[in-house]
Amino acid sequence: MASLVVFQSGQAIPMKENYPQEKISMPVDNPSYPAPPYHFVDREYFIITYETDPDILKTKVPPPLEITEPVVKYEFIRMPDSSGLGDYTESGQVIPVQYKGKPGLFILSMYLDNEPAILAGREIWGFPKKLATPSLGVDKVSKDTLVGRLFYGELEVARGTMGYKWETLPTDEIKKSLEETPNYLVKLIPDVDGTPKIHQLVRYHVGNVTVKGAWTGPTDLELFSHALAPVADLPIKRIVSGVHFVSDLTLLPGTVENDYIQN
């Protein structure tokens, strides 16, 4: 039996009922993933913030979220130790937004190489996950450059670079941001007749955050056009910053902020 929790008023609260594992995910006789929460150890982030075209950016963000500035955060994330999900890497774009007057982040796209993480992310929270081949590590030839890459099929669609641990950053603000910044998703699941069954603005929550180290350095990012991995639709005007950090955290069940069908 697996206990789920809901997240209310900043605290995790046990649900009244325990659900048998076969009711958490399909197939019912051989579940694709266990119940959350999921615990991540040594989760490594490389986040490049860049300016983009504000008019194009507005088309990517659903109401009632609002754009506050014309910037995008391009992320490469290495997850070598994820409870229930295994070892995988992820890459995608996150957009700073405002909701009900409070700053937050909208997750636009996520590309990764792990089936349980794709299925759990899409089915539970509505993470916009697609199968691809991202990577994050130190350049094996130069040995002084942090490199994030994303391939969709055989084609490269993103490449980020940064001088490896050039400058140490304080970790307090990163920890606070992970714990307190609202993160939003659009969960869209069809009914059996193909019409929308679930269409929600969802917020996901993290806890148990420990930031083990953070760094910055000279940073660059290239995006390449692709019909089915359109990360280049948000063009790069100027690199704002790059940050590299390692953390432990727990991904908790989410909450529905807006129901587009009922409202």
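Reply: Setting aside neighbours within four places in sequence, Ser82 is in contact with His39, Phe40 and Tyr88. Contact means heavy atoms within 4.5 Å.

Me: Before we go on, what kind of model is this?

Reply: This is a predicted model: local features need pLDDT of at least 70, side-chain atom pairs count only at pLDDT 80 or more, and totals for chains, interfaces and linings use all residues. Residues are numbered from 1 along each chain as its sequence is written, and side-chain values use heavy atoms, with hydrogens and water left out.

Me: Ok. Is Ser82 buried or exposed?

Reply: Ser82 is buried, because its relative accessible area is 4%. Buried means under 20%, exposed over 50%, and partly exposed in between (1.4 Å probe, protein chains only). Ser82 lies in strand β5. Strands are DSSP runs of E, at least two residues, numbered from the N terminus.

Me: And where does Ser83 lie?

Reply: In the loop between β5 (71-82) and β6 (86-99). Ser83 is partly exposed, because its relative accessible area is 27%.

Me: What does Ser83 touch, beyond its neighbours within four places in sequence?

Reply: Ser83 is in contact with Pro37, Tyr38 and His39. Its side chain also reaches the backbone nitrogen of His39, at 2.7 Å. Pro34 is 49 residues from Ser83 in sequence, but their C-alpha atoms are 9.0 Å apart in space.

Me: Switching to rings. Which residues form an aromatic cluster with Tyr38?

Reply: Trp125, Phe127 and Tyr204. The structure holds 8 aromatic pairs. Rings of Phe, Tyr and Trp (its six-membered ring) pair if their centres lie within 6.5 Å; planes under 30 degrees apart count as stacked, over 60 as edge-to-face and the rest as tilted.

Me: Which residue lies over the face of Phe127?

Reply: Lys129, at 5.1 Å from the ring centre. The charged end of Arg43 sits over the ring of Phe40, 4.6 Å from its centre. The cut-offs: NZ of Lys or CZ of Arg within 6 Å of the ring centre and within 35 degrees of the ring normal.

Me: Last topic, sheets. What is the order of the open sheet of 4 strands?

Reply: β9-β10-β11-β15, with antiparallel pairing. The edge strands are β9 (133-138) and β15 (219-223), and each pairs on one side only. Two strands pair if DSSP finds at least two bridges between them.

Me: How many bridges join β11 to β15?

Reply: 5 bridges, and the two strands run antiparallel. In β15, Glu222 is the bridge partner of Arg159.

Notes: Polar contact = N/O pair within 3.5 Å; in protein donor to acceptor, adjacent residues only side chain to side chain.
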